[in-house]
Amino acid sequence: MSLIGEAIANKLDVQSFVGGHPFLIADLGCSIGPNTFIAVKNIINSVQLKYQTLKITPTPEFQVFFNDHASNDFNTLFKTLPSDKHYYAAGVPGSFYARLFPRSSFHLIYSSFALHWLSKVPGEVMERGSPAWNKGRVHYGGAEEEVVMAYKQQYERDMHGFLNARAEEVVCGGLVVVLVPGRPNEVPHSKCIGNVLFEILGCCLLEMAKEVPL
Ligand SMILES: C[S@@+](CC[C@H](N)C(=O)[O-])C[C@H]1O[C@@H](n2cnc3c(N)ncnc32)[C@H](O)[C@@H]1O
């Protein structure tokens, strides 16, 4: 069983919201597909299985809200929606670090590989003279502890905003599922493979920036 299937089987309390209403799902930071379509299909299959296992009929209709920044290519997303989908689709532009939906409205809110994008670069890392100045780099891998702390504090502020918003939006008995890249405690930031890749990307961006005439 998939991770999401397991979470739905064990944690989603469908008994607390049965009653003919559509089952509302949101994918926050959905991008343009196709990963989001695969995730949504898994979610719906798992919810249907749960209703069948508990012998609750009829199974609900599903509505899926695809969220990302307004600059996301929603046209591509909607043009490539699976033709055999069993849900009504809608797009919701805006940052998931604030409220996106009415209070107590969603049964399952999902976000995969998106919450590691901070809402902004922490100011201190761009300030020359600050102990957290990151010397123009775009990532904290291999940087001083002060830089790491500045990013950590921004992440804490962002997560606070995210969790507060979702706590308002999810119905009682509903589920918020978040998949984020992680780092084992014993691996230093500079040795973590994801960070190494961002360091390389950052170096390329800096090299390109140097080529632009001022
Ligand atoms: C790496 S993609 C992940 C796409 C998809 N969820 C997946 O698992 O393949 C991250 C997406 O999150 C979106 N994103 C980042 N910060 C966001 C925010 N504050 N609000 C909404 N979307 C955001 C980005 O625009 C991007 O489309």
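Modeller: Of the 214 residues of the protein, 36% count as buried. Buried means under 20% relative accessible area, exposed over 50%, and partly exposed in between, with a 1.4 Å probe and protein chains only. The model is predicted: local features need pLDDT of at least 70, side-chain atom pairs count only at pLDDT 80 or more, and totals for chains, interfaces and linings use all residues. Residues are numbered from 1 along each chain as its sequence is written, and side-chain values use heavy atoms, with hydrogens and water left out.

Colleague: How many helices and strands are there, and in what pattern?

Modeller: The protein has five helices and five strands. Along the sequence they follow α-β-α-β-α-β-β-α-β-α. Helices (H or I, at least four residues) and strands (E, at least two) are DSSP runs, numbered from the N terminus.

Colleague: What makes helix 1 roughly parallel to helix 2?

Modeller: Helix 1 (residues 3-11) and helix 2 (residues 35-53) pack at about 30 degrees, with their axes 9 Å apart. Angles under 35 degrees count as roughly parallel, and therefore helix 1 is roughly parallel to helix 2.

Colleague: Which residues meet where helix 1 packs on helix 2?

Modeller: From helix 1 there are Ile4, Gly5, Ile8, Ala9 and Asn10; from helix 2, Asn42, Ile43, Ser46, Val47 and Lys50. By class, this contact has five nonpolar, four polar and one charged residues.

Colleague: Why is the pair of Phe65 and Phe101 called edge-to-face?

Modeller: Rings pair if their centres lie within 6.5 Å, and planes over 60 degrees apart count as edge-to-face. The centres of Phe65 and Phe101 are 5.9 Å apart and the planes stand at 70 degrees, so the pair is edge-to-face. Phe65 is in strand 2 (residues 62-68) and Phe101 in the loop between strand 3 (88-93) and strand 4 (106-112), 36 residues apart. Both Phe65 and Phe101 are buried.

Colleague: What makes Phe96 and Phe162 an edge-to-face pair?

Modeller: Their ring centres are 5.7 Å apart and their planes are at 90 degrees, so this pair is edge-to-face. Phe96 sits in the loop between strand 3 and strand 4, Phe162 in helix 4 (residues 145-169), 66 residues away. Phe96 and Phe162 are buried.

Colleague: How many aromatic pairs does a search of the whole structure find?

Modeller: The search finds eleven. Phe17, Phe23 and Phe62 form one aromatic cluster.

Colleague: How do you know whether His86 is buried or exposed?

Modeller: His86 has a relative accessible area of 65%, so His86 is exposed. His86 lies in the loop between helix 3 (74-79) and strand 3. Not counting residues up to four places away in sequence, His86 touches Ile44 and Phe62; contact means heavy atoms within 4.5 Å.

Colleague: Why does Ser31 count as partly exposed?

Modeller: Its relative accessibility is 37%, so Ser31 falls in the partly exposed class. Ser31 is in the loop between strand 1 and helix 2 and has a positive phi of about 60 degrees although it is not a glycine.

Colleague: What is the class of Lys135, and why?

Modeller: Lys135 has 45% relative accessibility and therefore counts as partly exposed. Lys135 has a positive phi of about 55 degrees although it is not a glycine, and its place is the loop between strand 4 and helix 4.

Colleague: Which residues does a cis peptide bond join, and what is omega?

Modeller: One joins Gly33 and Pro34, with omega about 0 degrees. Another joins Thr57 and Pro58, with omega about -10 degrees. Pro34 lies in the loop between strand 1 (23-28) and helix 2, and Pro58 in the loop between helix 2 and strand 2.

Definitions and conventions
Axes are lines fitted to C-alpha atoms, for helices over the stretch in contact, and angles run from 0 to 180 degrees between N-to-C directions. Angles under 35 degrees count as roughly parallel, over 145 as roughly antiparallel, 65 to 115 as roughly perpendicular and the rest as oblique. Ala, Val, Leu, Ile, Met, Phe, Trp, Tyr, Cys and Pro count as nonpolar, Asp, Glu, Lys and Arg as charged, and the others, Gly among them, as polar. Rings of Phe, Tyr and Trp (its six-membered ring) pair if their centres lie within 6.5 Å; planes under 30 degrees apart count as stacked, over 60 as edge-to-face and the rest as tilted.
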